[in-house]
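I opened the notebook to record what I looked up, one entry at a time. The sequence and the structure come next, and my notes follow them.

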Amino acid sequence: MEIHRWNIRDWTPDLKHRKVDDRPFGGGPGMVMMPEPAVAAVEAVQAMNPDPGLLVMLTPAGERLNQSMVAELAQKQRILLLCGRYEGFDERIRLTLRPREISAGDFVCNGGEVPAMVVIDSVIRLLPGVLGDETSVLEESHSEPGRLEYPQYTRPRVFRGLAVPDVLLGGDHGAIEQWRREQSLLRSRPQQTTGPERTDDDEKQIHGSGGKGAD
């Protein structure tokens, strides 16, 4: 994994002030990223490698970043992350470069740098050899859409009166697996999932376990 940073100001035609933003036509608050330096920067960086890479624009108007998208991005050999500032990008940047537009969530940051870091960090951990145990990504939160991971416990067995559930201490791997699935389903947000809905068996595990291993 290699990460390189490029300053859009290095491609501005304004050599004196290195300006990359200007007031929006039609009026309104804030400043807007100008098309000349942004497009020139992207095209120059794309040309630095035989593979121009996937261009990603970080913008609140983009697709919501999720784990399936992260897995897709992890298959790419090269990704260019275009970070805005101020009130956003001149629309002609999007129309000229045709990037994939991605949003880190329904909120607004001062710039695209922090969302870019989120993309980088989430993608890196799916690359072979990054995690100590690569199987850890299989059962974690959002490995299935809307599914959240079960609670985890470690030493000590009792902390401020809160004990590790007995089921995790008994050595019955089948019971442990069932408990973890129950807890995962209880934590998950079915209203947000696009994956398989809860089955009757799932509901029985949640409501008919008699509280076994409840924490």
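**Entry: the cores.** I began with the largest nonpolar core, which has 15 residues, and I noted that I8, M33, L55, L82, F89, I93 and L97 are those with the most contacts inside it. A nonpolar core here is a set of buried Ala, Val, Leu, Ile, Met, Phe, Trp, Tyr and Cys residues joined through side-chain atoms within 4.5 Å, and buried means under 20% relative accessible area, exposed over 50%, and partly exposed in between, with a 1.4 Å probe and protein chains only. Helix 1, strand 3, strand 4 and helix 3 (91-97) each supply at least two residues of this core, and the largest share, five residues, comes from helix 1. I then looked up L82, which touches I8, V42, L55, V56, M57, L58, F89, I93 and L97 when residues up to four places away in sequence are not counted; contact means heavy atoms within 4.5 Å.

**Entry: how to read the model.** I reminded myself that this is a predicted model, in which local features need pLDDT of at least 70 and side-chain atom pairs count only at pLDDT 80 or more, while totals for chains, interfaces and linings use all residues. Residues are numbered from 1 along each chain as its sequence is written, and side-chain values use heavy atoms, with hydrogens and water left out.

**Entry: the whole chain.** I found six helices and seven strands in the protein chain, where helices (H or I, at least four residues) and strands (E, at least two) are DSSP runs numbered from the N terminus. From the N terminus on, the elements run β-β-α-β-α-β-α-β-α-β-β-α-α. Buried residues make up 32% of the 215 residues. Among the contacts with a separation of 6 or more, 69% are between residues 24 or more positions apart.

Entry: I traced an open sheet of three strands in the order 4-3-5, with parallel pairing; two strands pair if DSSP finds at least two bridges between them. The edge strands, each pairing on one side only, are strand 4 (79-83) and strand 5 (100-103). Five bridges join strand 3 (residues 54-64) to strand 4, and I noted L80 as the bridge partner of L55 and I79 as the bridge partner of L54. I also recorded that strand 3, helix 2 (residues 67-73) and strand 4 make a right-handed β-α-β unit, right-handed meaning that, with the strands pointing away from the viewer, the path from the first strand over the helix to the second runs clockwise.

**Entry: the faces of strand 4.**

Entry: Helix 1 (residues 35-46) lies across strand 3 and strand 4, running at about 165 degrees to strand 4. Helix 4 (residues 113-124) also packs on the sheet, touching strand 3 and strand 4, and its direction makes about 160 degrees with that of strand 4. For such angles, axes are lines fitted to C-alpha atoms, for helices over the stretch in contact, and the angles run from 0 to 180 degrees between N-to-C directions.

**Entry: a buried glycine.** I found G105 in the loop between strand 5 and helix 4, and G105 counts as buried because its relative accessibility is 6%. G105 and P115 are 10 residues apart in sequence and 8.8 Å apart in space, C-alpha to C-alpha.

**Entry: backbone exceptions.** Most residues other than glycine have a negative phi, and most peptide bonds are trans. I therefore marked R18, in the segment before strand 1 (21-22), as partly exposed at 34% relative accessibility, and its phi is positive, about 55 degrees, although R18 is not a glycine. R160, in the loop between strand 6 and strand 7 (162-163), has a positive phi of about 50 degrees and is not a glycine either; R160 counts as exposed at 77% relative accessibility. Lastly, I noted a cis peptide bond that joins R155 and P156, with omega about 0 degrees, and P156 has its place in the loop between helix 4 and strand 6 (158-159).
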